[in-house]
Structure formats: C-alpha cells, structure tokens
Amino acid sequence: MMEYYDVLIVGAGASGLASAWYLSDKGLDVAVFEQGEKLKSNSIVSLENGGEIQKIKFLNSNPNIRNSFADYKIDTSESPIDIANYNGIGGSTILFSAHYPRFHPEDFNVFSIDKVAVDWPLNYSELKPFYELNEYHTGLSGLAGDPKYPDIKPSMPPVPLGPMGRQIAKAFEAFNWHWWPAYSAINTEEYQNRPKDNFQRPSNMGDFSGSRGSVDNTYLPKAISNGIHVKERCKVIRLVPDKSQKSINKIVYKDHCGEVHNCGAKVIIIAASGIGTPRLLLGSKSSNFPNGICNSSSLVGRNLMLHPLGYVEGRFSENLYSNIGPQGCCLLSQEFSKTNNERDFIRGYTFQAIRGPLPIEAAINLLSSRQINLGEDFVKQYLFRYNHTAHLAIITEDLPEFDNRVLLEQSDATEDLPAVKIKYKLSENTKNMLTHGLSNGRKILKKAGAIKTSAFGPVRYTGWHTLGTCRMGNNPKNSVVNKDGKSHDLDNLFILDASIFPTSSSVNPAATVQALALYVSSKIWLKYKNLFKN
C-alpha cells in the first residue's frame with residue numbers, strides 16, 4: 001500500500017524544515033524526505049581532540065571531496081567556482097557561516113531600478129513578516145540602528161568584534177564608509193532553551209552545543225513535536241505525474257536498504273537546493289515531459305548565480321587574535337552595495353570581515369603560498385603570522401545569465417538520478433566588481449595597519465550560494481514557478497528553496513531562503529486549507 005500524506009517535502013534543509021514546521025503547526029500530516037541523515041553530536045570531534053581534521057573530509061563542504069553515501073558528483077570542470085553543499089538533516093546550515101542579513105527592499109526590484117536582470121514578483125514588504133517570524137525562531141544576534149537595515153531588531157547582542165574586527169572598523173570609519181556588526185544566527189545569550197555560544201568553534205564545522213541557528217537546532221525539534229515524519233537516508237529519484245499530466249501523483253524513492261517505494265501527497269514541495277532541485281526536475285523526464293518536470297519554459301537549471309567571492313588578507317605585526325571565533329560573523333560593510341554610475345559595473349558588493357582558519361588549515365595555506373617554509377624555524381615563522389592577519393571577503397551580486405546552468409551528466413547511466421555538471425562563467429560586470437572590491441579591500445587593511453596585503457578572486461572553493469535555477473515570476477514563458485512558489489505547469493507542485501530566487505543581492509541568502517520558505521508555506525495553507533480538511 002502506498003504511503004500518503006497531506007504534504008510531502010523533498011529536502012530537510014533550511015527551507016524544507018522551515019516549511020515542515022509551518023505546515024505541521026497548522027495540523028497537517030507532513031513527511032520530509034532527506035537522502036542524508038542527522039549529524040550526530042557524538043560524531044563531531046572537539047577541537048581540543050583534533051576535530052579540525054574532520055574538515056578535510058567528513059565535514060568538508062565540497063561533496064566531491066566528502067563523497068558520503070548521500071552525496072552526488074558535481075562536475076565543475078567548466079566553472080571557476082566549485083559547488084559547496086551538504087546533504088543531511090539540516091542541509092547546508094550544518095556547515096554555514098551563520099552570517100544572517102536580509103535582502104534590501106531594492107534587491108527585489110533590480111530591473112525597475114537598474115534595468116538589468118528581472119524584478120521579483122513579490123516585494124520586501126510581503127516578505128518582511130516572514131523575515132521577522134524566521135528571526136524569532138532562529139534567533140538573531142546583532143545591533144539595531146543600522147542605517148542600511150533600519151527594520152532589523154535583533155533579539156541578542158552582536159558577536160564580539162574582537163581585536164581584528166575593531167581594527168578593521170576603525171579603518172572603515174577613517175574612510176567614512178559604512179560598517180556594522182554582523183547579523184548572525186549564533187546565540188550570544190541563551191535563547192529559546194538553547195545555550196549561549198562560547199565563540200571558540202567555527203560555525204561552519206557542525207554544532208554539538210545547540211547554540212547555532214542551523215535548522216536541526218531550530219525548526220526540526222518544533223516540527224517533530226508537531227508530529228512530522230522524517231524519512232532520512234531516503235533518496236527521491238523521480239516525480240511521477242498523474243494521468244491528467246497536471247499534477248504530481250507520487251514520488252519514487254529508494255530507502256537506505258536500496259529498496260524502491262512510492263509515496264503520494266496532496267501537495268508536493270521541492271526544497272533540495274539550487275542544484276538538487278533542478279537535478280530532480282530534469283531527471284523526472286518522460287514521454288510527456290521530455291525536458292523534465294515543470295520545465296515548459298526550458299529554464300529549469302538556467303540562470304545559476306553563485307556570488308563569486310574575492311578575498312583580501314593583511315598581515316599585522318601585532319596579535320589580533322584573528323583566528324579565534326565564528327569565522328563568518330564579525331562585521332559587514334555595504335558601502336558599495338548599490339549601483340553608482342561612476343563605476344564600471346552595475347549593482348554592487350558587500351564586504352564581510354571574516355576570521356582566519358584554524359591552525360592546521362592556516363599552516364597548509366601558509367606553506368602552499370610559500371609565506372613560510374618547513375625547517376628549523378618553521379614554528380617561529382608560523383607563530384609570527386598565525387593570529388596576525390585580518391581578512392575581508394567581497395561578496396559580489398551575481399546577475400542571472402541564461403547560459404550559467406545546471407545540467408545532468410548524460411553519460412551517467414544509473415537507476416538513480418544522474419550526476420550534475422555545472423557550466424558557469426563570470427560576466428564582465430562581475431569581474432569589474434571583483435577588481436573594485438579587491439582594490440578597496442587592500443585600502444581598508446592598509447589603513448587598518450597591515451604591513452603587507454594580498455588579494456585574489458574569484459576564490460574557487462566558495463560556491464556556497466546556489467541560486468536562481470528555477471526562477472519565480474508571473475509569466476510562465478520566462479519563469480518556472482509563480483510568486484507563490486507553485487509550478488506554472490503542475491497544480492500541486494511547489495518549490496521554495498533558493499532555486500526560485502530571480503536575483504541574488506550581495507549578501508548571504510540564508511535568512512531570505514527561510515523567510516521565502518515560510519511565505520510560500522503560508523500561500524500553500526491559504527490555497528489548500530479546505531482541501532486538507534477533507
């Protein structure tokens with residue numbers, strides 16, 4: 001007998017678990033299918049016991065390196081940026097930096113303002129209540145009063161800047177450039193029965209304390225208390241339409257034993273990431289859907305945006321304690337986030353001050369860049385640099401390009417879904433933006449007192465933000481889903497992850513991913529609540 005639920009969600013990450021909580025809180029019978037499993041706290045090794053080694057493979061953000069049972073190969077040979085993702089309960093929030101700003105109101109109207117890309121079919125005011133709802137459940141540390149974010153009222157004080165952050169902040173002030181303490185999904189106080197963070201373990205290496213705002217800590221326990229069904233180690237390999245070809249009849253999935261099953265629901269939600277979602281849709285092709293499910297626009301997999309990242313580092317004579325603390329959560333500057341006609345690029349970028357890597361990774365980086373050498377004075381050279389550096393990331397707004405895309409590996413003939421190939425090139429606009437950001441980053445660090453700086457970009461291993469591959473819009477000819485996240489082609493199929501972003505802004509998308517998921521979930525409830533009662 002086929003399993004059947006009110007709502008079936010594919011993907012237990014940032015968006016999937018937020019939606020699972022919202023809809024189960026309405027009393028619906030919700031099942032979440034996840035091809036990975038929950039990261040068990042006893043599998044995470046503390047830093048004191050050598051836990052940094054786990055970042056090399058077990059907790060590596062690159063699925064091709066991690067190569068777990070839940071991962072699929074992603075060919076990035078035709079991309080300057082590697083893809084990072086994590087398949088498991090919590091999705092990529094397990095390894096995210098926890099940097100948690102919102103998009104700005106103007107980020108939803110890029111075409112209207114700058115005549116590039118497209119406008120979103122919804123605006124900031126429609127999403128604002130869901131930003132607030134999400135920040136309540138996740139917890140947000142930061143400081144109110146930011147002129148760039150006047151609406152944000154954090155629930156906790158900001159993560160301490162530390163000596164490095166204070167030094168960089170003074171440099172921004174010397175130029176009269178905007179800066180503000182980072183908005184972070186990290187508890188700086190006890191919050192909703194979750195403990196305060198001790199700021200020792202990097203936020204991008206899993207969490208066994210419960211202090212980080214990853215969805216396994218936030219939405220998952222609340223959704224479980226509502227009675228959701230979590231189907232871990234279950235790979236969804238196909239979506240099957242009904243006889244009318246206007247709705248999804250069932251999913252086909254393979255359990256941890258390799259057995260194939262079917263499952264149906266009144267509503268099907270895909271939340272498998274900007275890579276995993278187009279993979280599933282393209283892989284569910286049939287005679288009636290030769291280009292895959294939900295793809296009458298031929299845009300599934302197109303318009304991939306990755307936020308190409310630049311990196312600037314400065315070396316200081318004094319100890320800045322810069323390799324201690326949450327790596328992605330220090331301060332941000334949005335001095336250059338909007339279009340300025342005097343520049344040779346449209347839109348802009350965000351500066352993010354980041355802390356340096358842990359000791360082993362730092363040593364590898366220093367050796368590979370030949371800043372230090374093995375030998376008798378290795379330790380002396382190393383200690384002269386470790387904690388003596390400051391770091392700025394340049395997060396560029398990536399505009400959608402039709403030919404930047406996710407494809408299936410046609411040669412990968414397996415009974416499961418094929419592997420994925422990425423085709424991606426940097427636009428001239430992005431290249432100019434990076435050049436501008438790297439130059440300004442060096443100015444900042446020199447003003448902060450750096451005795452030497454280095455800068456490069458794009459950084460290859462930084463494809464954390466996979467956006468835009470199933471764009472939302474009002475017109476079925478140039479979008480995949482409507483403003484409510486519903487497929488233009490199928491009546492009961494919704495998408496609510498980052499793949500539906502029309503544009504990318506220049507900030508980390510996690511808060512917007514979850515606010516959007518809650519927004520779409522509210523529309524699902526309004527549309528189907530009478531059906532769910534029957």
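## Terms and basis

A residue is called buried when its relative accessible area is under 20%, exposed when over 50%, and partly exposed in between (1.4 Å probe, protein chains only). The structure is a predicted model, in which local features need pLDDT of at least 70, side-chain atom pairs count only at pLDDT 80 or more, and totals for chains, interfaces and linings use all residues. Residues are numbered from 1 along each chain as its sequence is written, and side-chain values use heavy atoms, with hydrogens and water left out.

## Helix H9

Helices (H or I, at least four residues) and strands (E, at least two) are DSSP runs, numbered from the N terminus. Helix H9 covers residues 378–385, and Gln-381, Tyr-382 and Arg-385 are buried in it. These residues lie on the same side of H9, because they cover an arc of only 95 degrees around the axis; the arc is that of the directions from the helix axis to the C-beta atoms. An α-helix has 3.6 residues a turn, so residues three or four places apart point the same way.

On the other side of H9, Val-379, Lys-380 and Leu-383 are exposed. The buried residues of H9 pack against strand S9, helix H8 (359–368) and strand S12, where contact means heavy atoms within 4.5 Å. Asn-387, with a positive phi near 70 degrees, follows H9.

## Helix H10

Helix H10 has 20 residues (428–447) and should span 28 Å at 1.5 Å a residue; its end C-alpha atoms are 29 Å apart, which agrees. The expected span is 1.5 Å times one less than the number of residues.

Among the buried residues of H10 are Met-433, Leu-434, Leu-438, Ile-444 and Leu-445. Their cover includes helix H5 (162–174) and the strands S9 (309–315), S11 (349–354), S12 (389–396) and S15 (452–456). Gly-449, which follows H10, has a positive phi near 110 degrees.

## Aromatic rings

Rings of Phe, Tyr and Trp (its six-membered ring) pair if their centres lie within 6.5 Å; planes under 30 degrees apart count as stacked, over 60 as edge-to-face and the rest as tilted. The count by this rule is 23 aromatic pairs. Phe-103 and Phe-108 form a tilted pair, because their ring centres are 6.1 Å apart and their planes are at 55 degrees. Phe-103 is buried at 1% relative accessibility, and Phe-108 is buried at 0%.

Phe-336 and Phe-351 pair edge-to-face, with 6.3 Å from centre to centre and 85 degrees between the planes. Phe-336 is in the loop between strand S10 (331–333) and S11, and Phe-351 is in S11, so this pair ties together parts that are 15 residues apart in sequence. Both Phe-336 and Phe-351 are buried. They belong to one aromatic cluster that also includes Phe-172, Phe-175, Trp-177, Phe-345 and Tyr-349.

## Loop residues

Ser-79 sits in the loop between strand S3 (74–78) and helix H3 (110–114), and is buried at 5% relative accessibility. Leaving aside residues up to four places away in sequence, Ser-79 touches Leu-306, Ile-422, Tyr-424 and Arg-460.

Most residues other than glycine have a negative phi, and most peptide bonds are trans. Arg-347 is not a glycine, yet its phi is positive, about 70 degrees. Arg-347 lies in the loop between S10 and S11 and is buried, with a relative accessible area of 2%. The peptide bond from Gly-457 to Pro-458 is cis, with omega near 0 degrees; Pro-458 is in the loop between S15 and strand S16 (493–495).
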